[in-house]
Amino acid sequence: LITPALLEGWSHLGWTSTQLGVAAAIELAGLAAGSLSGLYWQTRWRWRQVALPALVVGIAANAACMAVKDYTGVRLLRALAGVSGGLLTALYSAVLANSRSPGRIIAVTTFIQIGVEAAIMFSTASLFESLGSSGLFILMAGLFAVLLPFLSWLPPAWPSVPAAIQQAQGTRGSPRGYLLLLSFIPFIVVQAGVYTFLGEFGRVAANLSVDVTLRAIGTSVVLSSLGSVAAYALNDRIGLRLPIGGAILLMSAMLLGMTLGSRSAAWFVFYIS
């Protein structure tokens, strides 16, 4: 979510847009691989044995990015950071799946994520000014480190209640379940691709400076929290197809607006909101 700020932090290294995109994509690929691995270990391994190494690797990989500046080294470290983040994503997804009201709790956690993202976007310019790109990596390592004291709160493993395991296995084996997961792929690919280069969109489509672009993204993030509020309020009352279809339509409208519509700072904020 904070990739636009990350790319701005690397801008002084003289990499091409393609190299920046590849570095971001490698981290996303690691995130995907780490979370996908949960299909195997979520119901088999002890969760704290997954969480602790993932947090340590996430801290180390982000901290090392403060010193490593060569392209190969950065790609390797971002891949490690992505895998560790993916493991944690699979972990908290498993915890939420076994909660009493997963839909509403996911809405709350998404709202919190959006708040953290907005805070980072708004503070990025000050971080760069005082600490350079290292400031962002310190912050990212800190986000992993702050979770360490809460490991004891983590359930030890997937609940041994037969009904819960049966429900999980039934979801995995259902063709409709797989079709639902596949429907997310185009949405996530477009979202990740566009979001990674929102900074570039801001410069090209609206002639905004780096600082103004990041603050505009931060503003849009605050407005996007309304989606989480709506998800909490509606919960499962409108099913799954309508929210997924609506999100894809909104994403398509945003792309058309930014590429073909009016170009100004106000319109840029409106489109990405």
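Colleague: Is Glu27 buried or exposed?
Modeller: Glu27 is buried, with a relative accessible area of 19%. Buried means under 20% relative accessible area, exposed over 50%, and partly exposed in between (1.4 Å probe, protein chains only).

Colleague: What kind of model is this, and how is it numbered?
Modeller: It is a predicted model, with residues numbered from 1 along each chain as its sequence is written. Local features need pLDDT of at least 70 and side-chain atom pairs count only at pLDDT 80 or more, while totals for chains, interfaces and linings use all residues, and side-chain values use heavy atoms, leaving out hydrogens and water.

Colleague: Back to Glu27. Which helix is it in, and what does it touch?
Modeller: Glu27 lies in helix H2, residues 17-36. Helices are DSSP runs (H or I, at least four residues), as are strands (E, at least two), numbered from the N terminus. Leaving out residues up to four places away in sequence, Glu27 touches Leu6, Arg78, Ala81 and Gly82. Contact means heavy atoms within 4.5 Å.

Colleague: Next, Ala5. Where does it sit?
Modeller: Ala5 is in helix H1, residues 3-10. Its relative accessibility is 0%, so Ala5 counts as buried.

Colleague: Which residues does Ala5 touch?
Modeller: Ala5 touches Met121, Thr124, Phe128, Leu136 and Leu214, again not counting residues up to four places away in sequence.

Colleague: How many residues does H11 have, and how far does it reach?
Modeller: H11 (residues 210-234) has 25 residues. It reaches 37 Å from its first C-alpha to its last, close to the 36 Å expected at 1.5 Å a residue. The expected span is 1.5 Å times one less than the number of residues.

Colleague: What comes just after H11?
Modeller: Asn235, with a positive phi of about 50 degrees.

Colleague: And H12. Which residues are buried?
Modeller: Ile244, Met251, Met254, Gly257 and Met258. Seen down the axis of H12, they fall within an arc of 155 degrees, so they line one face of the helix. The arc is that of the directions from the helix axis to the C-beta atoms.

Colleague: What is on the face of H12 turned away from its buried side?
Modeller: The exposed residues Arg241, Leu242, Leu249, Leu256 and Leu260.

Colleague: And H13? Which residues are buried there?
Modeller: In H13 (residues 265-272), Phe268, Val269, Tyr271 and Ile272 are buried. Their arc, seen down the axis of H13, is within 165 degrees, so they line one face. The face turned away carries the exposed residues Ala266 and Phe270.

Colleague: Last one. At what angle do H4 and H5 pack?
Modeller: H4 (residues 47-64) and H5 (residues 71-97) pack at about 150 degrees, with their axes 8 Å apart. That makes H4 roughly antiparallel to H5. Among the residues that meet are Trp47 and Val50 in H4, and Leu77 and Arg78 in H5.

Technical notes:
Axes are lines fitted to C-alpha atoms, for helices over the stretch in contact, and angles run from 0 to 180 degrees between N-to-C directions. Angles under 35 degrees count as roughly parallel, over 145 as roughly antiparallel, 65 to 115 as roughly perpendicular and the rest as oblique.
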